[in-house]
Amino acid sequence: MAFYFHGLPIGWVAIMLALLASMGGFIFGYDTGQISDILLMDDFLLRFATCSTPGDVSTCSFSTVREGLIVSLLSIGTLVGALLGAPIADFLGRRYAMSVECVVFTIGVIIQITSNYVWQQFAVGRLVSGLGVGALSAAVPMYQAETAPSQIRGTLTATYQLFITFGILVAYCISIGTRDMSNSASWRIVVGIGILWALILGVGILFMPESPRWLAAHDRMEDAQFSLARSRGIPKEEAKSHYIITREVEEIKSSVEYEKQIRGGWIDCFRPQNKTLYRTLLGMSLQSLQQLTGANYFFYYGATVFQAVGLNDSFVTQIILGTVNFVCTFGGMYVLERFGRRRPLIIGGIWQSAWLFVFAAAGTAVDPTTHPGVGKLMIVSACMFIWGYAMTWAPGVWILIGETFPTRTRAKQGSLSTAANWIWNFLLAFFTPFISSAISYRYGFVFAACNLMGAVVVYFFLYESSNLSLENVNMMYTDPNCKPWTSREWAPPGYSSRQDLIDQTRAAEAHKPLASSALEEGKIEESSEPSANGS
């Protein structure tokens with residue numbers, strides 16, 4: 001069963017696999033969002049914090065080190081998991097790898113909810129859960145990019161970030177519902193529900209098609225053909241003769257055969273040939289800069305930050321931020337599909353920087369606890385920052401990780417890039433309490449500068465990969481005549497521009513005579529010009 005997008009068949013299975021795989025992002029977001037509120041729950045404080053008067057929650061507080069470890073050990077687990085994600089996904093296949101990683105995450109949750117008074121057990125549980133979350137963060141974008149039709153690859157891959165924001169929001173909502181419980185159910189329910197999300201992904205993904213590129217790499221071309229047909233909504237009996245499927249299979253087959261001759265290991269991720277090292281460092285830089293935007297400053301410690309601003313109910317503010325983050329990510333999916341990758345990231349970096357300067361300047365100039373207007377300005381600034389982040393850097397970086405690297409090293413480069421994300425995630429989660437206590441809201445100036453740096457990196461080093469197949473993205477990066485700032489117009493041989501490629505691909509895949517289609521749209525001058533796709 002299929003629908004048509006710009007005249008091209010897209011299977012509903014492609015939508016379903018993107019949504020289901022994105023449960024990996026939901027798990028990531030849910031685990032990220034829950035800890036901010038749990039740290040303020042009375043029963044959690046009485047059990048795991050230091051109390052000068054036992055039983056009196058008003059005398060309980062976490063030391064900076066203990067709070068930092070409870071929050072950040074998840075990130076250490078995710079770092080290791082992200083590095084393990086590539087070999088696991090390559091060995092087991094993308095789907096079975098995700099199922100195994102859900103089991104690991106569930107074990108971590110069980111360790112956490114069985115904790116009684118030993119905070120170290122809870123922290124170790126977050127470490128184990130992080131192993132699963134990190135491996136999923138490497139496998140999911142890769143699976144989505146390899147399986148989704150190229151015409152909607154950006155949108156479908158962006159659902160991973162959409163579900164991260166949804167997971168954060170759901171964690172906030174469940175926390176506000178359980179916070180008034182007087183016993184351990186207040187936090188155990190929040191943590192334990194995570195098992196449900198892992199069950200949905202771990203079981204559901206087994207009913208989806210395997211990555212056709214992984215199948216082709218393991219000499220299962222017929223299965224790869226059927227996988228492509230399912231994602232295109234083309235009946236199995238038509239797969240072997242359908243024009244679109246046979247063309248895509250040949251393209252994948254030739255690419256895989258070439259890459260088998262030069263199969264890449266970890267060391268190959270750092271070889272300068274074909275800009276492989278360039279792309280490894282670019283991916284790691286973009287993931288690092290995504291963390292350095294400062295978004296997780298609000299997601300990890302937002303409740304504490306807004307409580308310090310003087311708000312009576314910081315939980316509600318967290319829900320407002322989470323809602324802005326979730327809703328605006330829908331806009332991000334449109335923006336990144338409509339305007340490409342480079343332009344939104346550059347504009348987003350500048351926008352985010354401007355609002356962080358406002359946030360930091362307001363909190364530094366005047367004490368927000370004694371000036372309610374300043375506190376409100378800081379909340380508005382945070383919301384405007386999250387708005388820009390959710391529309392650009394949040395989904396954009398995950399899309400790029402799925403489509404920037406060559407097939408032979410994609411899994412490993414994706415893991416290295418995701419590992420860079422988690423290294424910075426850990427550093428920020430652990431050191432933020434120390435930094436905030438030392439420089440307070442001036443911390444925002446640091447993030448503002450990092451956002452500007454991100455915009456500069458994108459302008460000078462990132463190539464525009466929208467509307468290109470993964471094989472053509474690789475060709476673009478290895479073209480010595482193409483520069484990042486001119487890459488928007490790049491097209492493979494046989495096409496005059498990126499738009500010409502889009503128009504001719506639509507005509508060819510719709511199985512129309514190219515010349516008449518081109519004349520109708522007024523995109524080419526000569527009606528006799530042959531199709532670059534051979535139609």
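Entry 1. I took patches as made of residues with over 30% relative accessible area and no salt bridge, like charges being joined within 9 Å and nonpolar side chains (Val, Leu, Ile, Met, Phe, Trp, Tyr) within 5 Å. Accessible areas come from the Shrake-Rupley method with a 1.4 Å probe, and for residues only the protein chains shown count as cover. A salt bridge is a side-chain nitrogen of Lys or Arg within 4 Å of a carboxyl oxygen of Asp or Glu.

I note that this is a predicted model, in which local features need pLDDT of at least 70 and side-chain atom pairs count only at pLDDT 80 or more, while totals for chains, interfaces and linings use all residues. Residues are numbered from 1 along each chain as its sequence is written, and side-chain values use heavy atoms, with hydrogens and water left out.

Entry 2. Nonpolar patch. I looked up the surface and recorded a nonpolar patch formed by F91, L92, Y96, V100, L196, L199, I200, V203, L206 and F207, with about 970 Å² of accessible area together. Helices α4, α5 and α9 are the elements that give two or more residues to this patch; helices (H or I, at least four residues) and strands (E, at least two) are DSSP runs, numbered from the N terminus. The most comes from α9, with 4 residues. I checked L196, which is found in helix α9. L196 counts as partly exposed because its relative accessibility is 43%, where buried means under 20% relative accessible area, exposed over 50%, and partly exposed in between (1.4 Å probe, protein chains only).

Entry 3. Whole chain. I recorded 23 helices and 4 strands in the protein chain. Of its 535 residues, 59% count as buried. The chain exposes about 20,200 Å², and carbon and sulfur atoms supply 65% of that area. I then took contacts (heavy atoms within 4.5 Å). Among those between residues at least 6 apart in sequence, 77% join residues at least 24 apart.

Entry 4. Helix α5. This helix covers residues 94-113, has 20 residues and reaches 29 Å from its first C-alpha to its last, close to the 28 Å expected. The expected span is 1.5 Å times one less than the number of residues. Its buried residues include R94, M98, C102, F105 and V109. I found that the cover over the buried residues of α5 includes α2 (23-38), α4 (64-92), α6 (119-147) and α9 (194-204).

Entry 5. Salt bridges. I counted 10 salt bridges by the rule above. Which residue forms a salt bridge with D90? The partner is R94, the closest N and O atoms being 2.8 Å apart. D90 is partly exposed at 24% relative accessible area, whereas R94 is buried at 5%. The side chains of E146 and R94 also meet in a salt bridge, at 3.0 Å from N to O. Because E146 lies in helix α6 and R94 in helix α5, this pair ties together parts that are 52 residues apart in sequence. I noted a network of salt bridges linking D90, R94, E146, R410 and K412.

I also looked up R341, which forms a salt bridge with E403, with the closest N and O atoms 2.8 Å apart. R341 lies in the loop between α15 (314-338) and α16 (342-365) and E403 in helix α18 (residues 393-403), so the pair ties together parts 62 residues apart in sequence. Both R341 and E403 are buried.

Entry 6. L127. I located L127 in helix α6. L127 touches L73, L74, I76 and G77, not counting residues up to four places away in sequence.
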